[in-house]
Structures are given as structure tokens and as C-alpha cells.
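Below is a short briefing on one predicted model.

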Amino acid sequence: MKPKDFQRLSADLEKLTLRQKQLLVDRLRAPEKSVTVSRMIESRRGETPACPHCGHEKVNRWGMAAGLQRYRCGSCKSTFNALTGTPLARLRHKDQWLTYAEQMAEGRSVRKSATACQVHRNTAFRWRHRFLELPDDQRATLLSGIAEADETVFLESFKGRKGGMPRAPRQRGGKAAKRGLSEEQIPVLICRDRSGNTADFVVEKADQKHLRAVLKPLLPADAILCTDGGKALGAVARELGIVHRPINLAAGIRVVGGVYHLQNVNAYDSRLKQWMLRFHGVATHYLGNYLGWRRLIERHHNAPSPKDILLAALGICSQQLTVT
Ligand SMILES: [Zn+2]
């Protein structure tokens, strides 16, 4: 552009609204963000990536596609890139992923995120759940010392489910038609140890069989399990041969022996419930994703950066299981 034209363009910028200026800034920053995203994606693979299809280690560089290095397997001849086999594979508009992660970091709605990224809201909704697919699995795999377990429930929501609705969908959030446990509530088990390692599980049923299945790999033999004295959890502790400290909250007892209590897990649970209110009820199918999202927020001391979110979505997180 000639200097004179540039001066004119520059002068014209004064006429832009704040919103237009913001859009322009985003547009100017897009290539830079795109490079950042590509670098983060490429860092998923080491110098010598193995073939995701057959595991063969002899692969060749095979040009670039959509801003990413493409490889070709020396054995099965298939081509792949650093995203192949991940939930983010084949999602378009990579230049907007960091902006999307910014929206997630700020807790913006799907609608607002869609506007910020200039994509359709269905796309923004799809991105949300693709981004959360791996964080759902990034829970603690082993607790140590005193472990607190809390059984809770989430109201089942059929929002976003296509067909097969057992009944008319409930309006925003709402209360279960039946009181107490019913098929309208999804049981969730939340466990935390005193280092902040957190694991949560959407279980089919909060009975001994299902709770044992998730607790057995999580609790080492020398763990001490604090619960509110529910029968199923007590039975699981006995079955696993783990020391059990029931806290009879109903009788007004909060702490036993000075150290055995449920305050960490209960506080986590209320923060989670409070935070979930903004979604006005989530579809059962996505509940695990939201649990993972909350864990991600807590892991980063309530302020995950857009990069933290994108790294978790890519399955790259150095300290994904432990709060330090
Ligand atoms: Zn191969």
C-alpha cells in the first residue's frame, strides 16, 4: 500500500465503532494465533512420531496440509498429522481455536463464543464438547492418604438429544418430578484427597457394584476413606479392606479425630453445583465433559489460561492429575 493510502486508511480507523475495531484487531491477530495453535498441536508429537494407524515407527514427512506437518507411514502408507485420532481431528478454523479457548476460559456462553469466533453456534457447541472430550478423562487415577468420597446427583436433562425422549423435556433446570433418587437423577461419585487430587465418575447406579468398580483402582490399600456413612460406600471400603471413617453429618458431626471430615469434597461439590447453574441443565451424555471442565478450572486455581484449555483439549498437560 502506498504511504498516502495508508495514511487515509489510518485516518478512517477513527470512524470505526468499538466493536468494529475489536473485529479488526482479531483479524490482524488471526495469523499469529494460527501459528500459536499449530505449534501447540505439533508439540503433541515428538521428533519421530509413530503411525497412529499401525504403530510403525518409520514415517516420512509428507508435505503440509491445513497448516500442519503431514506424515506418511512407511508400512501401511496411510497419511496422518499430529491431530489424527484426537477429538480435534478434522475440526476446521484452527485460527479460531485460541479465541474459542479464551471464551471458555472466561466462561462465555456458546452463543457469545460463536460470535467471537465468527462461527455458527452449532459449531461453537460442537467445539465445546470436542475440547472437553479429553479433559473428561484427565481425572486423578490414584488418591493417597485421607480420601473423601461424596455421592451426589445431577438432574437428568434431555437437552440436545435427538429423538428417543422418554418424556417431554423439562424447562430450564427445574426440579425432579419425584423426590429422592429416581431415574431422573444421574448419580455421580466425587473423590478428593488432601493434596487436591480429584476424580469424579458418572455411575449407572450408586450401588456397591458400581462404586467398587470405580474406587478399586483409585484407592491404594493404605488409603483412609471418609464418607457420610452411606451403606454402599461402607460396604465397598470393607470389601477392599480399606480403613473407613464414616462421618455422621446428619447427627451434626463434622470432624472425627481432628482430621477425618468431608469438608474438601463437600466444598468442591458445592462449587461444582454452583458453577453448573449457568448451563441451565446439561444433557446426561455431556455431564462427564462438564465434570472434566470443572476439574480443569480447579487444577488451574480457578483461572485456566486459554493455552491451558487448549493444551488439555489436545491431551497435553504436564500436571494434569495433581494440584501443586
Ligand atoms: Zn501405519
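Buried residues make up 41% of the 324 residues in the protein chain; buried means under 20% relative accessible area, exposed over 50%, and partly exposed in between (1.4 Å probe, protein chains only). This is a predicted model, in which local features need pLDDT of at least 70 and side-chain atom pairs count only at pLDDT 80 or more, while totals for chains, interfaces and linings use all residues. Residues are numbered from 1 along each chain as its sequence is written, and side-chain values use heavy atoms, with hydrogens and water left out.

**Chain totals**

- The protein chain has 10 helices and 10 strands, taken as DSSP runs numbered from the N terminus (helices H or I, at least four residues; strands E, at least two).
- Of the contacts in the protein chain with a separation of 6 or more, 60% come from residues 24 or more positions apart; contact means heavy atoms within 4.5 Å.
- The accessible surface of the protein chain is about 18,300 Å², and 52% of it belongs to carbon and sulfur atoms. Accessible areas come from the Shrake-Rupley method with a 1.4 Å probe, and for residues only the protein chains shown count as cover.

**The five-stranded sheet**

- Five strands form an open sheet in the order S6-S5-S4-S7-S8, with mixed pairing; two strands pair if DSSP finds at least two bridges between them.
- The edges are strand S6 (198-202) and strand S8 (243-246), each of which pairs on one side only.
- On average, neighbouring strands of this sheet are turned by 25 degrees against each other, direction ignored. Axes are lines fitted to C-alpha atoms, for helices over the stretch in contact, and angles run from 0 to 180 degrees between N-to-C directions.
- S4 and S5 run antiparallel and are joined by nine bridges; Asp150 stands opposite Ile190 in S5.
- S5 (residues 185-193) and S6 also run antiparallel, with five bridges, and Arg192 stands opposite Thr198 in S6.
- S4 and S7 run parallel and are joined by three bridges; the bridge partner of Ala147 in S7 is Leu225.
- S4 is mostly covered, with seven of its 10 residues buried.

**Helices on the sheet**

- Helix H6 (residues 208-218) packs on the sheet and touches strand S4 (146-155), S5 and S6. The direction of H6 makes about 15 degrees with that of S5.
- Helix H7 (residues 231-240) packs on the sheet and touches S4, S5, strand S7 (224-227) and S8. The direction of H7 makes about 170 degrees with that of S7.
- Buried residues in H7 include Ala232, Leu233, Gly234, Ala235, Val236 and Ala237, and the buried residues of H7 pack against S4, S5, H6, S7 and S8.

**Salt bridges**

- The structure holds 12 salt bridges, each a side-chain nitrogen of Lys or Arg within 4 Å of a carboxyl oxygen of Asp or Glu.
- Lys33 and Glu102 form a salt bridge at 3.2 Å, N to O. Lys33 lies in helix H2 (residues 18-42) and Glu102 in helix H3, so the pair ties together parts that are 69 residues apart in sequence.
- Lys33 counts as buried at 5% relative accessibility, whereas Glu102 is partly exposed at 23%.
- Arg194 and Glu148 form a salt bridge with the closest N and O atoms 2.8 Å apart. Arg194 lies in the loop between S5 and S6 and Glu148 in strand S4, so the pair ties together parts that are 46 residues apart in sequence.
- Arg194 is partly exposed at 34% relative accessibility, while Glu148 is buried at 1%.
- Glu106 and Arg108 form a salt bridge with the closest N and O atoms 2.9 Å apart.
- Arg271, Arg294 and Glu298 are linked in a network of salt bridges.

**Loop residues with positive phi**

- Lys77 is not a glycine, yet has a positive phi of about 65 degrees. Lys77 lies in the loop between strand S2 (68-73) and strand S3 (79-80) and is partly exposed, at 44% relative accessible area.
- His93 has a positive phi near 55 degrees. His93 is in the loop between S3 and helix H3 (97-105) and is partly exposed, at 36% relative accessible area.
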